[in-house]
2 protein chains.
Amino acid sequence: MTKVPGFTRNLWGSVVDMHVYEIDAYWRAANYLSVGQIYLLDNPLLAEPLRPEHVKPRLLGHWGTTPGLNFCFAHLNRVIVERDQDMIYIAGPGHGGPAAVAHAWLEGTYSELYPDVPRDAEGMRRLFRQFSFPGGVPSHVAPETPGSIHEGGELGYSLAHAYGAAFDNPDLVVACVIGDGEAETGPLAASWHSNKFLDPARDGIVLPILHLNGYKIANPTVLARIPEQELIKLLEGYGYRPHLVSGDDPALVHRAMMATLDTVFDQIAEVKSGSGGRLPMIVLRTPKGWTGPHEVDGLLVEGTWRAHQVPLSRVREDPVHLAMLEDWMRSYRPEELFDSDGRPTPPVTSAAPRGTRRMSANPHANGGELLQPLVLPDFRAYAVHVKAPATEWSEPTRVLGGFLRDVIEANPVNFRLMGPDETASNRLQAVFETTDRAWNSRILPTDEHLAPGGRVMEVLSEHLCQGWLEGYLLTGRHGLFNCYEAFIHIVDAMFNQHAKWLESARRIPWRRPIASLNYLLSSHVWRQDHNGFSHQDPGFLDIVVNKKASVVRVYLPPDTNTLLSTVDHCLRSRDYVNVVVSGKQPVLDLFSMREAIAHCTRGVGILPWASTDEGREPDAVLACAGDVPTLETLAAAAILREHLPDLAVRVVNVVDLMRLQPPTEHPHGMSDAEFDTLFTTDKPIIFNFHGYPWLIHRLTYRRNGHDNLHVRGYKEEGTTTTPFDMAMLNDIDRFHLVMDVIDRVPHLAARAAHLRQRMADERLRCRAYTREHGEDPATIRDWAWPY
Amino acid sequence: MTKVPGFTRNLWGSVVDMHVYEIDAYWRAANYLSVGQIYLLDNPLLAEPLRPEHVKPRLLGHWGTTPGLNFCFAHLNRVIVERDQDMIYIAGPGHGGPAAVAHAWLEGTYSELYPDVPRDAEGMRRLFRQFSFPGGVPSHVAPETPGSIHEGGELGYSLAHAYGAAFDNPDLVVACVIGDGEAETGPLAASWHSNKFLDPARDGIVLPILHLNGYKIANPTVLARIPEQELIKLLEGYGYRPHLVSGDDPALVHRAMMATLDTVFDQIAEVKSGSGGRLPMIVLRTPKGWTGPHEVDGLLVEGTWRAHQVPLSRVREDPVHLAMLEDWMRSYRPEELFDSDGRPTPPVTSAAPRGTRRMSANPHANGGELLQPLVLPDFRAYAVHVKAPATEWSEPTRVLGGFLRDVIEANPVNFRLMGPDETASNRLQAVFETTDRAWNSRILPTDEHLAPGGRVMEVLSEHLCQGWLEGYLLTGRHGLFNCYEAFIHIVDAMFNQHAKWLESARRIPWRRPIASLNYLLSSHVWRQDHNGFSHQDPGFLDIVVNKKASVVRVYLPPDTNTLLSTVDHCLRSRDYVNVVVSGKQPVLDLFSMREAIAHCTRGVGILPWASTDEGREPDAVLACAGDVPTLETLAAAAILREHLPDLAVRVVNVVDLMRLQPPTEHPHGMSDAEFDTLFTTDKPIIFNFHGYPWLIHRLTYRRNGHDNLHVRGYKEEGTTTTPFDMAMLNDIDRFHLVMDVIDRVPHLAARAAHLRQRMADERLRCRAYTREHGEDPATIRDWAWPY
């Protein structure tokens, strides 16, 4: 214990505890820097009295949560140093961006990554100025923020991200501050139970710190207002050992937090050593906007919702506010914390972690630094043998399961397969030949494939699957999320945020590329005929293509070998979101593996064996994307071949949907010349599409042939019925496609009137058969090339 | 107590309890009917030995949850009769569709609504056949199912729906069965805390019945595997009094459930009378697939995940399975339950509720029957006075707040305003002049506008806002959900499911129209410049327009008076989802109220005062939709008017986005003639759009002028910066629009080269100013018509 010169207020009673003093100094420094970021353009060290022109004209930022975030940073730093603990920090209340930035600057990381913002007075001035400023940095914790894997804008995902980061990182502790606002969200509420999927031996530890500052934007929070006994039961019910730290007197709360953290990390060590006990968590109850202005214009601010954003709003206009701001900033005693050159003083920095132990510089928070390529078996070894196209059937996802099994086998600690209890339903069950489902709760003798450390994560929450996977990828690992197509909409918002993260991260030089987020959407709209209307929605693709072309990829492999080739490609890619749509039901094998690779490489191509335009300009183009639409297209081509043998029909299949866009819109986009060659500029194109039809129009509206393009797709018709009835309900069936061709090829209508009528009759016959027998006619079910 | 002839097995020990017998008979009947629906085409009463041809070729349905759902139905019926209780039933595990259908048929409701399915042997045959059959009924609880307000396909929303149904229905009990699979979802996990927003005096009561049958599709469930003490703590932590009912011996479980329900409803009565105690809930722990085949092909089925769907899958092919099915069905002793004509016998029906007390016929579950139109104040009274267009500013949502305040005042028990803690942030705070935020937890002296029974529901969960509102609307009330635009994506999936409900319900004659689900999306992409990239996403519109034109409407009122007119219209509408996008920041007042009504009625129109094409064919059309894009368009028009006075520019504003579609696609769609008249067929159209630009292409790609259409919109560029910098980042700013016109009007480029350069310079100047001063130049901020 050393008495610190200048530490005159003696906040801590009779014994001056060096640790507490240093923690408090760090905290005050971070708070000072946070307020400075929100308010100041200049005069960062308050070297002269504050004047209006030192203050930003637009005051943007969230003060309310910031002192709590800084408090946790400061205290966790001590633990890191004392225990040489590998730790990262997730700020659930990421609106408090100034906190994370202040922390990174104090630790020196900020200046290492952004040399134009050095750790001195001029750097501090720039640090303040740039925050929420045009050309500067965002107001929330963002990809730009060192040490973060979590954007703090859309709330609800912090704890899922934390667990994702902890999986397979046995030495890591992920400290996760959860705001009591965020705690009201569904995804966060579900995330508490992630502890049933974490194996303390194989995985790292998540330390949730539930920060009850009492208010969200304008309301009290639920968890801050329920009786404390109820709160404790709730957290114990979630399976944690809660520890409470409360107060508003820094001296007391510092001591309580130190003692609690010592206990908590001792308990973590016990659990890590196999005690089997529950993992600890902390409830930190401190005022919102703690240490900020207590009352402003006669209204209570500190400790209320009024501290949420900018407590003093008229600083440039109102001399009273200006003086209050100066008092507020000086209350942190900056002269103790920064030397005259603006550099943090020893009390602030001496106890801070060094090197990669700094949470702002921990490589887990810049996962690309740790990323190891997957060891991938040769996907060609899993190919189905194709003697002749479209004559035999296989189940794409079942075959893919064999490949994924061996991917898991070859990558035992850096690949996970996520799914909302649908891995077997999606027919990937071969993976269970080599691994189990992660499960750290009770296991019964009748259970199958449940074990701690299993590589398959199944929980009935798309939010958790997505959040875990994001956390896992952002810390430098790999994975795939398999999901029913319709229900992937549950994570639309999370996809949006992850795509935005990638869009931003790609522009940040020090953010290293991470593995792509891979979706396998199966049990799709055309084969959810048994579950019905609620399970039929292919609209996720429409959401995906709203995001920047630099990060999104959409694949619709039509058969088993193309699926294998596609997934192999996706698993090797970086910094993308790859969406692969593939059914689990048997499909006709169309491509040998050699052809499949060529087709997937091109992304789009003519199926010569299904076409009748050899060497001729086609009379019509039958285009297709998606397995079921491709099957119907092939059947239509076969009918046309049989009944109108002189008609020149070209069949084009699209695997890589982004190929349809102009190259100016997407890097995969084909040139107009290529497009024209494939699709013609003046012939009718009947495009049979897996999803909502307008997506194809949206991708192609600038193409020469667009006026001749007629798209069939899902038009929101469905119920529990047979697969072919589903196709007919939406007019994507073979018979309707033939009718479309007849209607659109000039001069064909009269000549083919008889065939057209027959097609209409076939539709009626099929419907009648279905309603009589409850299944599709065998001629439909078992159809193979040719007709 | 009467001894029942034929009740020979004496399941119930020495005392034959008539109640238990009747409940058990009802349960067996419902189970029998459920199995029959899954399996049988014919021979419904097993009048002859079961043959393969009696069995459906496609076996579809979810048996696992069904006996539990039936069990709850049977027991709740007793309570309804004994206490004359108004009650509806929400089946969270709605995959168990056969249960709800069986119930409705046993109660007679089914035959009343579907006379072709009478309550006799032939009706039973049709009932069985139609289930999951082409032309029949869906396999899940669906709009087609009498007594339901909850589609059971996408899991997670049952408890939120239940609370929504209970609000402002003081005499109602909403029994809500929650599957332990569903309980893992985020939305459900958040929903438990809905009790903090329910006032037992003013509202009805929700009785959650957490059904732990132990498994989801292929995995155990979390809540079934945690220690019972932990489960109890969790539920107590959520603020409930849990009661446990467990077992697999029907005789014992019947008795336990009866006793528990008596206790539970006594406790409900106590709380209703003001005791202030916690509300009860039930944990029912019974085997999955209870009473079904115990073992099949040597594998345990009953009580495991293997009972999830169809326990016997090869009934047509395998005589052993066929015999097992017959044994299974006969185990319910159908001869006791149905007479030879197939009518339910007195033991089944005698104790069942009658009339509207039947849960399948309760009018709350067909809310349109109870719907009362809102008492709406004259929205014109709230108009801002517009002396001249585009010269003064007002805040649209702030003005709307006054209207909503009076809507709330005039409709004290059937209108609620939902928002994820954003009502004041969205500037609707005038509502707090007449009401409060609903809050049934602790209230502190410093709180403002919190009270039990408040009409504003604020919780930081878009899922809860949406789920509560859906439940509220489906039971015949009205409401509006105000939300930050970007975060409405959180409920994309819920919107999808509600839209699908409406799409289906519109085709069901007995489903009466309900109030529309109204979204007010504020704090939108163009004015989330302060929060940054994560808060910028206008893509919800792309999701919305995927749904059927019969149920979706999208409005982008450009100013205050058009917002008032739009919202009034939406509040009067039925069976739609209305999406209204409107900023909260000041906008220029463009329309007097008279003009606003005319403009909104047309949905699209020329702004003559901003146009320079009087009587002439325009050289260019400047189209716009959305408040900020409209402002920029007007500024561009002003610049063109000043600098190129001879250029004929037409300014067209679109309020009702669906007007852009062809009338064949949407009932609001305008004819090609109208479109051509407004937009011309051959002149450049620069369309400045609020959202992602391709949506406009998607809506207009068949229009004559489409090749000349150039759309500006959000192209996924953003950060924390100034509003005008946001516009410039995405090229929707006034200067860029002028450049677009110059680039696209033939022969203008040379003549206007100077102006074009000046525009480019202005952009650079603005950016430089912004980066220097941190705010937009005053000339931009304060611009009003003319330039």
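Me: What does pLDDT stand for in use, and what does chain A average?

Reply: pLDDT is the predictor's confidence in each residue, from 0 to 100. This is a predicted model, and 98% of the residues of chain A score at least 70. Over residues 1-16 of chain A the pLDDT is below 50, and beyond near neighbours in sequence this stretch has 25 contacts in the model. For chain A the average pLDDT is 95.

Me: What area is buried between chain A and chain B?

Reply: Carbon and sulfur atoms give 52% of the buried area. On the chain A side, A:Arg225, A:Leu460 and A:Trp694 lose the most area to chain B, together 7% of what that side buries. The area buried between the two chains is about 10100 Å².

Me: Is B:His140 buried or exposed?

Reply: B:His140 lies in the loop between helix H5 (121-130) and helix H6 (158-166) of chain B. Buried means under 20% relative accessible area. B:His140 has 2% relative accessibility, so B:His140 counts as buried.

Me: Which residue has a side chain joined to that of B:His140 by a polar contact of 3.0 Å?

Reply: Leaving aside neighbours within four places in sequence, B:His140 is in contact with residues including A:Ser534, A:His535, B:His62 and B:Glu151. A:Asn531 is also in contact with B:His140. The side chain that makes the polar contact of 3.0 Å with B:His140 belongs to A:Asn531.

Me: How many residues are in the largest nonpolar core?

Reply: In soluble globular proteins, nonpolar side chains tend to be buried together. In the largest nonpolar core, A:Leu657, A:Phe679, B:Leu657 and B:Phe679 touch the most other members. Apart from that core lies another of 78 residues, among them A:Tyr382 and A:Met739. The number of residues in the largest core is 371.

Me: How far apart in space are B:Leu556 and B:Val654, C-alpha to C-alpha?

Reply: B:Leu556 is in the loop between strand E15 (552-555) and helix H18 (560-572) of chain B, and is buried at a relative accessible area of 0%. The contacts of B:Leu556 include B:Val654, B:Leu657 and B:Phe689. B:Leu556 and B:Val654 are 98 residues apart in sequence, while in space their separation is 7.3 Å.

Me: How many of the 11 residues of helix H24 of chain B are buried?

Reply: Helix H24 of chain B covers residues 734-744 and is mostly covered. Among the buried residues are B:Arg734, B:Phe735, B:His736 and B:Asp740. Of the 11 residues, the number buried is nine.

Me: What phi does A:Ser132 have?

Reply: Most residues other than glycine have a negative phi, and most peptide bonds are trans. A:Ser132 lies in the loop between helix H5 (121-130) and helix H6 (158-166) of chain A, and is buried, with a relative accessible area of 5%. A:Ser132 is not a glycine, yet has a positive phi of about 55°.

Me: Which residue does a cis peptide bond join to A:Trp785?

Reply: For this bond omega is about -10°. In chain B, the peptide bond from B:Trp785 to B:Pro786 is also cis, with omega near -10°.

Technical notes. Residues numbered from 1 in each chain as written. Chains lettered and ligands numbered in written order. Predicted model: local features only at pLDDT ≥ 70, side-chain atom pairs only at ≥ 80, totals over all residues. Heavy atoms only, no water. Helix = DSSP H or I, 4+ residues; strand = E, 2+ residues; numbered from the N terminus. Buried < 20%, exposed > 50% of the residue type's maximum accessible area, 1.4 Å probe, protein only. Polar contact = N/O pair within 3.5 Å; in protein donor to acceptor, adjacent residues only side chain to side chain. Contact = heavy atoms within 4.5 Å. Core = buried A, V, L, I, M, F, W, Y, C linked by side-chain atoms within 4.5 Å. Buried area = accessible area lost by both parts, 1.4 Å probe.
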